[in-house]
Amino acid sequence: VNPQADKLGQALLEFAHGEPLGETGRYWLAVQGANTYGQGKDKLKMDERVAFIEGMTQEINDIASNPLKYRDLWCPVDDKGKCKTAEPFEFLKFCFEWSDMLKLSDSTKFVSRISVKLDATCSGLQHYSAMLRDERGALATNIGDNEERQDIYNEAGNEAKGIILDELVSINVPVEKQWKRSFIDCITRDIAKPPCMTLPYGVSTFGITDKLIEQSKEGKLVNAYFDQESNGKERMGKLRWFAQKLEQGVADTVPSAVEAMSWLKACDKILGKSLPEDVHYEFRSPVGLSIKQARKKERTKRLESFFGVSKIRIQYSTRIKEKAIDRAKSNTSIAPNFVHAQDASHLTNVALRAKRELGLKSFSFIHDSFGVHPSEMCDFLPIIKQEFHKLYSGDRLNELRTYWQDRYEVELPPAPTQGKFNVDSILDSKFIFS
């Protein structure tokens, strides 16, 4: 039972100290119910999520009274036997909580220990979009004041479909056109989601391909056309081609992320060449933490040992770190390290301010998910937005460029130009964390 446990283990966690719901807690408890139920209800406007839960009261009472008998209500399965509820055990926990609340004549006095969690829309892409004031990225990641919640995974998938269709126009070989067209029918939200989530953290085309292989084994690429005579190498080539289209679809949806990552890698190369091979460079996070780009080279050593009187060679390798910096690994890690420093600083500032100004002492945080008691969320949510807005009111990449140039006496390329997105609209966002 810990935050890194499986879904059942996570669902068993609750706050040690409860808080009465008060005037606003019931509303946010209902939001948590809709979020864990999923099936599209977690994408609705907040008031619509609450209305859905309020209208499901009888079913919730049935579930709480006999979870096994009414399992189809809290964990309905599709034709493949997979549960359609987003977080079935979290939703079951909510049902117990909601049912207990309804037993009181005054719900404001009900003491809740559930954590209401509000999640980011693809956290890394949100940070890059705000950082570069990317209008398209801001809309796709819900950091602006748009009226409807956007789904970046579907949008990136649609971009990938368009890229494939454009390529098909110039193909005259029927077989090639057939297998490439077949991948359009494979693009679902589930297929587009992994590239979106991992692009800001340095995923490569090979990494996306590996995920596609895994998804293929799960039966998620049944519409893909593979010639029966094709060997493993040919199948891999087709999946890698598909991975490239998905990667480009994400890049076209959130161009700022790719631009910022490319700039960070270019700076890393210049900084690496300017320093001795055993010296790393560093940068400071927004909260002042020194982040060291110190990926050391490693070498492998094979060991020999004895089994009784016989000398044997054990097929065992131990990685021994050397003094020299691994410049290749530094280059692939600078972008994810940088964006993690931003979201970690955001989380830190939110927690400190909530404790300082609201007196909160119970938190359930994972870098892009913020959880507090239901009664506290109404006052807590504005702090999340305000601290995110404060983080990107300036020009963070130019600040970083100045820091590196002054400290290491190098000339770095100009930072990417900021777009026209109005960062003040972050304060009025309805879905930045929802």
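Me: Which residues form the positive surface patch?
Reply: In this predicted model, the positive surface patch consists of R295, K296, K321 and K323.

Me: Let us take K321 from that group. Where is the place of K321?
Reply: K321 belongs to strand 7, which covers residues 310-325.

Me: And is K321 buried or exposed?
Reply: K321 is exposed, because its relative accessible area is 60% and exposed residues are those over 50%.

Me: Now the overall picture. How many helices and strands does the protein chain have?
Reply: There are 17 helices and nine strands in the protein chain. Along the principal axes, its C-alpha atoms fill a box of roughly 70 × 70 × 60 Å.

Me: What percentage of the residues in the protein chain is buried?
Reply: Of the 434 residues in the protein chain, 45% are buried.

Me: What share of the contacts joins residues 24 or more positions apart?
Reply: Among contacts with a separation of 6 or more in the protein chain, 71% are between residues 24 or more positions apart.

Me: On to charges. How far apart are the mean positions of the positive and negative charges?
Reply: The protein chain carries 62 positive and 62 negative charges, and their mean positions are 6 Å apart.

Me: How many salt bridges does the structure hold?
Reply: The structure holds 22 salt bridges. Side chains of opposite charge can pair when their charged atoms come close.

Me: Which residue forms a salt bridge with E54?
Reply: The partner of E54 is R26, with the closest N and O atoms 3.0 Å apart.

Me: How accessible are E54 and R26?
Reply: E54 is partly exposed, with a relative accessible area of 30%. R26 also counts as partly exposed, at 26% relative accessibility.

Me: Which residue pairs with K43 in a salt bridge?
Reply: K43 forms a salt bridge with D42, and the closest N and O atoms are 2.9 Å apart. K43 is partly exposed, with a relative accessible area of 29%, whereas D42 is buried, with a relative accessible area of 18%.

Me: And what is the salt-bridge partner of E387?
Reply: E387 forms a salt bridge with R353, the closest N and O atoms being 3.0 Å apart. The pair links distant parts of the chain, with E387 in helix 16 (residues 377-391) and R353 in helix 15 (residues 327-358), 34 residues apart. Both E387 and R353 are buried.

Me: A change of topic: the backbone. What is the phi of C122?
Reply: Phi of C122 is near 55°, a positive value in a residue other than glycine. C122 sits in the loop between strand 3 (116-119) and helix 7 (123-131), and it counts as buried at 7% relative accessibility.

Me: Then R133: what is its phi, and where is its place?
Reply: R133 is not a glycine, yet it has a positive phi of about 50°. R133 is in the loop between helix 7 and helix 8 (135-140).

Me: Is R133 buried or exposed?
Reply: R133 is buried, with a relative accessible area of 17%.

Notes. Residues numbered from 1 in each chain as written. Predicted model: local features only at pLDDT ≥ 70, side-chain atom pairs only at ≥ 80, totals over all residues. Heavy atoms only, no water. Patch = residues over 30% accessible without salt bridge, like charges linked within 9 Å, V, L, I, M, F, W, Y side chains within 5 Å. Areas by Shrake-Rupley, 256 points an atom, 1.4 Å probe, with all protein chains shown as cover. Salt bridge = Lys/Arg side-chain N within 4 Å of Asp/Glu carboxyl O. Lys, Arg positive; Asp, Glu negative; His and termini not counted. Charge placed at Lys NZ, Arg CZ, Asp CG, Glu CD. Helix = DSSP H or I, 4+ residues; strand = E, 2+ residues; numbered from the N terminus. Buried < 20%, exposed > 50% of the residue type's maximum accessible area, 1.4 Å probe, protein only. Contact = heavy atoms within 4.5 Å.
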